[in-house]
Amino acid sequence: MNFDGTVSTIAPRDSFNVSSLTDNGTGLYSVNFNNNFSDGNYAGVGTIGNADTSNPGALKGCAVGHTASNLSAIESSNTSSAANADDDQISTNYHGDLA
């Protein structure tokens, strides 16, 4: 899934098996899946693109949490300031067995 976390109403630009995306605050998002994974042990990976031309060397971090078979949490942050941040290029992917 790929989305822009800086807009007022977030939505996936492109996705597979994602039913909804929720903005839970600065740098915090929830992803709900169309089809559940068989358990909460699937693999989730996230990355943040840096389109900030005023600070192209900014260090960014993306954590993807997964403890439930039907949803995932995403946290994006600026590692330089140790603060959560909304970013315009957030991408995640998930791998595992579907239920």
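**Surface, fold and the setting of Asn78**

The chain exposes about 5400 Å², of which carbon and sulfur atoms supply 46%. This value, like those that follow, was computed from a predicted model. Of the 99 residues of the chain, 29% count as buried.

The overall dimensions were examined next. Taken along the principal axes, the box filled by the C-alpha atoms of the chain is roughly 45 × 25 × 20 Å. The radius of gyration of the chain is 13 Å, and a compact globule with 99 residues would have a value near 13 Å, so the two agree.

The secondary structure comprises nine strands and zero helices. Read along the sequence, the chain accordingly shows the pattern β-β-β-β-β-β-β-β-β. Contacts were also considered by the separation of the partners in sequence. Among contacts between residues at least 6 apart in sequence, 55% join residues that are at least 24 apart.

Asn78 lies in strand β7, which covers residues 71–78. The relative accessible area of Asn78 is 19%. Because a residue counts as buried under 20% relative accessible area, Asn78 is classed as buried. When the neighbours within four places in sequence are left aside, Asn78 is in contact with Leu59, Ala83 and Ala85.

Notes. Residues are numbered from 1 along each chain as its sequence is written. This is a predicted model: local features need pLDDT of at least 70, side-chain atom pairs count only at pLDDT 80 or more; totals for chains, interfaces and linings use all residues. Side-chain values use heavy atoms; hydrogens and water are left out. Helices (H or I, at least four residues) and strands (E, at least two) are DSSP runs, numbered from the N terminus. Buried means under 20% relative accessible area, exposed over 50%, partly exposed in between (1.4 Å probe, protein chains only). Contact means heavy atoms within 4.5 Å. The radius of gyration is taken over C-alpha atoms; the globule rule is 2.2 Å times the number of residues to the power 0.38. Accessible areas come from the Shrake-Rupley method with a 1.4 Å probe; for residues, only the protein chains shown count as cover.
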